[in-house]
Amino acid sequence: MKEEVINGINYRLNEETLTAEVIKKEGYEGNIIIPETVVLNEVTYRVTSIGERAFFRCDLLNFITIPNSVMSIGKRAFENCLELETVIL
């Protein structure tokens, strides 16, 4: 597995299953739209999870869209996101 930032979102990419997990990155803010898939070096990964504490203490995060491809959201993924007003599933 490897970690990469793609379009401002930090992912853990599993090269065996071609899946991606959103993981913690300092400074998520504003509006975030998580795509169903991400592409790195011409390889497409399906975004299937949001990791534990992925958005923990992202005080300036206001809005997030989570695609249907996400099957699991880790513990405390959005804890202390004080400005988070809208979550679209």
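The sulfur of Cys81 lies 5.3 Å from the closest cysteine sulfur, in Cys58, which is too far for a bond. A disulfide requires the two sulfur atoms to be within 2.5 Å, and a search of the whole structure finds zero disulfides. The model is predicted. In this model, a search of the whole structure finds five salt bridges, and strand E2 is largely enclosed by the rest of the structure.

**Cysteines**

- Seen from the other partner, the closest cysteine sulfur to that of Cys58 is the one in Cys81, at 5.3 Å, again too far for a bond.
- Cys58 is buried, its relative accessible area being 3%.
- Cys81 is buried as well, with a relative accessible area of 10%.

**Strand E2 and its partners**

- Strand E2 comprises residues 9-14, and five of its six residues are buried, so the strand is largely enclosed by the rest of the structure.
- Strand E1, residues 2-6, runs antiparallel to E2 and is joined to it by five bridges.
- Within this pairing, Lys2 stands opposite Leu13 of E2.
- Two residues separate E1 and E2 in their hairpin, and Asn7 in the turn has a positive phi of about 50°.
- On the pairing with strand E3, residues 19-22, the strands are again antiparallel, and four bridges join E2 to E3.
- Arg12 is placed opposite Glu21 of E3.
- The hairpin of E2 and E3 has four residues between the strands, and Leu18 takes a positive phi near 55° there.

- Lys2 and Glu15 meet through their side chains in a salt bridge, with an N to O distance of 3.3 Å.
- Lys2 lies in strand E1 and Glu15 in the loop between E2 and E3, so this pair ties together parts that are 13 residues apart in sequence.
- Lys2 counts as partly exposed at 26% relative accessibility, and Glu15 also counts as partly exposed, at 47%.
- Arg12 and Glu21, which stand opposite each other in the strands, also form a salt bridge whose closest N and O atoms are 2.8 Å apart.
- Glu21 is partly exposed, with a relative accessible area of 21%, while the value for Arg12, likewise partly exposed, is 28%.

- The side chains of Arg76 and Glu79 meet in a salt bridge with an N to O distance of 2.4 Å.
- Arg76 is partly exposed at 44% relative accessibility, and Glu79 is partly exposed at 28%.

- Ser49 is located in strand E6, which covers residues 43-50.
- With 12% relative accessibility, Ser49 counts as buried, because buried means under 20% relative accessible area.
- Leaving aside residues up to four places away in sequence, Ser49 touches Ala20, Glu21, Val22, Val70 and Ser72.

Technical notes:
Residues numbered from 1 in each chain as written. Predicted model: local features only at pLDDT ≥ 70, side-chain atom pairs only at ≥ 80, totals over all residues. Heavy atoms only, no water. Buried < 20%, exposed > 50% of the residue type's maximum accessible area, 1.4 Å probe, protein only. Pairing = 2+ DSSP bridges. Contact = heavy atoms within 4.5 Å. Salt bridge = Lys/Arg side-chain N within 4 Å of Asp/Glu carboxyl O.
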